[in-house]
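Subject: Structure for you to look at

Dear colleague,

I am passing on a structure for you to keep. Below it are my notes on what was found.

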Amino acid sequence: MYVYDEYDQRIIEDRVKQFRDQTRRYLAGELSEEEFRPLRLQNGLYIQRFAPMLRVAVPYGQLTSRQTRMMAKIARDYDKGYAHISTRQNVQFNWPALEDIPDILAELATVQMHAIQTSGNCLRNVTTDQFAGVAADELVDPRPWCEIVRQWTTFHPEFAYLPRKFKIAINGSVSDRAAIEVHDIGLEPVRNEAGELGFRVLVGGGLGRTPVVGAFINEFLPWQDLLSYLDAILRVYNRYGRRDNKYKARIKILVKALTPEVFAEKVEAEMAHLRGGATTLTEAELHRVAKHFVDPQYKALNDFDKELAELDQAHPGFARWRTRNVRAHKKPGYAAVTLSLKPTGVAPGDVTDKQLDAIADLADRYSFGQLRTSHEQNVILADVEQSQLHALWLELRENGFATPNIGLLTDIICCPGGDFCSLANAKSIPIAESIQRRFDDLDYLFDIGELDLNISGCMNACGHHHVGHIGILGVDKKGEEFYQVSLGGSASRDASLGKILGPSFAQDAMPDVIEKLIDVYVEQRTEDERFIDTYQRIGIDPFKERVYAANN
Amino acid sequence: MQRIIKNNEIVDETWHLLPKDFNIDELTNCDDYIVPLQLWRDHSRMLKARDGGLGVWLDADEEAEEIGEDANEFQVIALNFPAFTDGRNYSNARLLRDRYGFKGELRAIGDVLRDQLFYLHRCGFDAFAIRPDKDPYEALESLKDFSVTYQAATDEPLPLFRRR
């Protein structure tokens, strides 16, 4: 975990002071609504349906127990006792008062946290794999790179007023759990034949109104050039990205218009000037940052297979939980545990202040005082001893975190939707709940197997519906809420965008629609085929026919 | 008379900022002008021959490369912000300073507000024509918003990682 030095700390304290004055001037009428808007957005502050929403940055999803307790305190003192894990690993509060925001930021600064650039047309929080540093399939730990990029993005003077928002994700594993191909920039550390470290660089991915899988424009960028190359990409985008139409302003539109090849040439032309400059990264800086991400004090342990198998026999619930919520770890005797924030009846990603305190406590006792958030809106304890899994499971059950559904149909990615968000066309949380209720039989859920079901309440796509194996999009039809279904999306390596099934459905039809889709899958699948595999083999038509057939 | 922030002080404006449709025949010999880019393109020889000061201004959709190596022909280069949220001229500023070595006054004009001043200054602006309805003395305060910065920029050629 990166620990601030006096410079990092001073920067966020300066920000608190700056935003306190900006808020004061706004409330005193010295700053107009229009002048204040980008300033508050770049501090993660939206004006929502009922109150402002404050999005607090969780850089690449890493939190300490101390920071988590601060989240709990803010939920308690300034909100209605809960917080929400967002689809970009951040934490959102839905009820703070505008007047209180400077005080909240001051409290956050005491635990090295902030809300800098969590919204607005600027460089946003960098995201990564929630299993970074512990995944068995990891090639390079992406976290030092995330932190280096985070510092580069923070108050970058040239790129604070971009045409549109800008999201960077970094993945360091064989599997891509960071969905880098649907980001404005996706980075993947790799080694070349000589064993040197560099990056594969993708640009122009994104969801939203015009979903696009990005294009790799550089297969090996020497790591020393990383920040210069980001400067070059952002400079090209800042100068030539469209500003006349906010729906065509993301970098993906520019990359498409120019073609990835021409875009890459423009970046290279810029690099000709920037390469070798002062922004070239140094061994010393890489070392300084990387030393914050060395392994914790792992014990020399053996895997606990036999004992766990016995526990599985004795406790079928434990066995089920282990199948879904516990992952292999790079160290023998350890495991990474996902706490499900998706029990039926709770808005996906929501946690109460008491639960946050409980998570902090569990992190202290089971996982070196650290935890992570995932873009699937769950929480991870990354370094749990296998011999402690049963004890942990018992505690997770008491706190409502043990729903064994990670990666299954009910582990729904879902934006806050029309219940909270002023952009939404339709509610999303009640749709998620009605589907979870329909699939409440655990045996059946397990039988269906891995399935990404993602719901967005509008085409801004915060719920990542385009990359759900099943995607659901809320649409407004003459003032009524309807839901469009798409199939075949995927955010993993070789990402794909879902294809729309057909005309949209009323809210109360949705559980039936999903059930019919699942029926088709169950009937047609071959052994070991996941929903997405069957879909890719048989295509959309059998699903379409079933769902839209007359009289059923 | 408009007041300008220049090198951290408030000074009276002495330059005439000419609109894009300005008629060249109305130019006097001795006044100081900041001319639109097109006027410079069409009449550079004549403009250089005058006795008065010469500046040029670029709109947000015009490119630093169009001035390029000629940058130091001007005492002032002004970059226009049609809206304070239009960030293109931050990049133009850096190109003029860092790539073309412009040493003169680099001035922000248009929708220039105090809360952008710190970033503008980092990108090489040293003069700011604050929007007339705002107080330039208050705006001066914002140049002190941050005491540490991470990135290399025009005001600080080394990134923090080479200084910490």
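I begin with a pair of helices in chain A. Ile431(A), Ser434(A), Ile435(A) and Arg438(A) in H14(A) are in contact with Met510(A), Pro511(A), Ile514(A) and Glu515(A) in H16(A). Sorted by class, this contact holds 5 nonpolar, 1 polar and 2 charged residues. H14(A) covers residues 429-438 and H16(A) covers residues 510-524, and the two pack at an angle of about 50 degrees with 9 Å between their axes. H14(A) is therefore oblique to H16(A). The crossing of H14(A) past H16(A) is right-handed.

Please keep in mind that this is a predicted model. The predictor assigns the complex an ipTM of 0.98 and a pTM of 0.96. For chain B the average pLDDT is 96, and 99% of the residues score at least 70. Where pLDDT is low, the coordinates should not be read in detail.

Domains of chain A

Chain A is split into domain 1 (6-109), domain 2 (135-290), domain 3 (305-399) and domain 4 (413-548). The centres of domain 3 and domain 4 of chain A, taken over C-alpha atoms, are 27 Å apart. Where these two domains of chain A touch, domain 3 contributes 7 residues and domain 4 contributes 10 residues. The domain 3 side of that contact in chain A consists of 2 nonpolar, 3 polar and 2 charged residues.

Two further helix pairs in chain A

H3(A), residues 65-78, packs against H4(A), residues 101-109, at an angle of about 160 degrees, and their axes are 10 Å apart. An angle over 145 degrees counts as roughly antiparallel, so H3(A) and H4(A) are roughly antiparallel to each other. H3(A) passes H4(A) in a crossing that is right-handed. On the H3(A) side the residues are Met70(A), Ile74(A) and Tyr78(A), and they meet Ile104(A), Glu107(A) and Leu108(A) of H4(A). By class this contact has 5 nonpolar residues, no polar ones and 1 charged residue.

The other pair is H12(A), residues 353-366, and H13(A), residues 389-399, whose axes come within 11 Å and cross at roughly 175 degrees. H12(A) is therefore roughly antiparallel to H13(A). From H12(A), Gln355(A), Ala358(A), Leu362(A) and Tyr366(A) meet Leu392(A), Glu395(A) and Asn399(A) of H13(A). The contact of H12(A) with H13(A) comprises 4 nonpolar, 2 polar and 1 charged residues.

Contact between the chains

How many residues does each chain give to the contact between chain A and chain B? Chain A gives 29 residues, and chain B gives 29 residues. On the side of chain A that touches chain B, the elements giving two or more residues are H1(A) (6-27), H2(A) (33-41), H5(A) (143-153) and H6(A) (226-240). H1(A) gives the most to this side, with 6 residues. By class, the residues on the side of chain A that touches chain B are 12 nonpolar, 9 polar and 8 charged.

If you open the model, the contact between H14(A) and H16(A) can be found from Ile431(A) and Ile514(A), which are among its residues. For the contact between the chains, H1(A) is the element that gives the most on the chain A side.

Regards

Note on methods: Residues are numbered from 1 along each chain as its sequence is written. Chains are lettered from A and ligands numbered from 1 in the order in which they are written. This is a predicted model: local features need pLDDT of at least 70, side-chain atom pairs count only at pLDDT 80 or more; totals for chains, interfaces and linings use all residues. Helices (H or I, at least four residues) and strands (E, at least two) are DSSP runs, numbered from the N terminus. Ala, Val, Leu, Ile, Met, Phe, Trp, Tyr, Cys and Pro count as nonpolar, Asp, Glu, Lys and Arg as charged, and the others, Gly among them, as polar. Axes are lines fitted to C-alpha atoms, for helices over the stretch in contact, and angles run from 0 to 180 degrees between N-to-C directions. Angles under 35 degrees count as roughly parallel, over 145 as roughly antiparallel, 65 to 115 as roughly perpendicular and the rest as oblique. A crossing is left-handed if the near helix is turned anticlockwise from the far one by less than a right angle, and right-handed if clockwise. Domain bounds come from an automatic or database domain assignment. pLDDT is the predictor's confidence in each residue, from 0 to 100.
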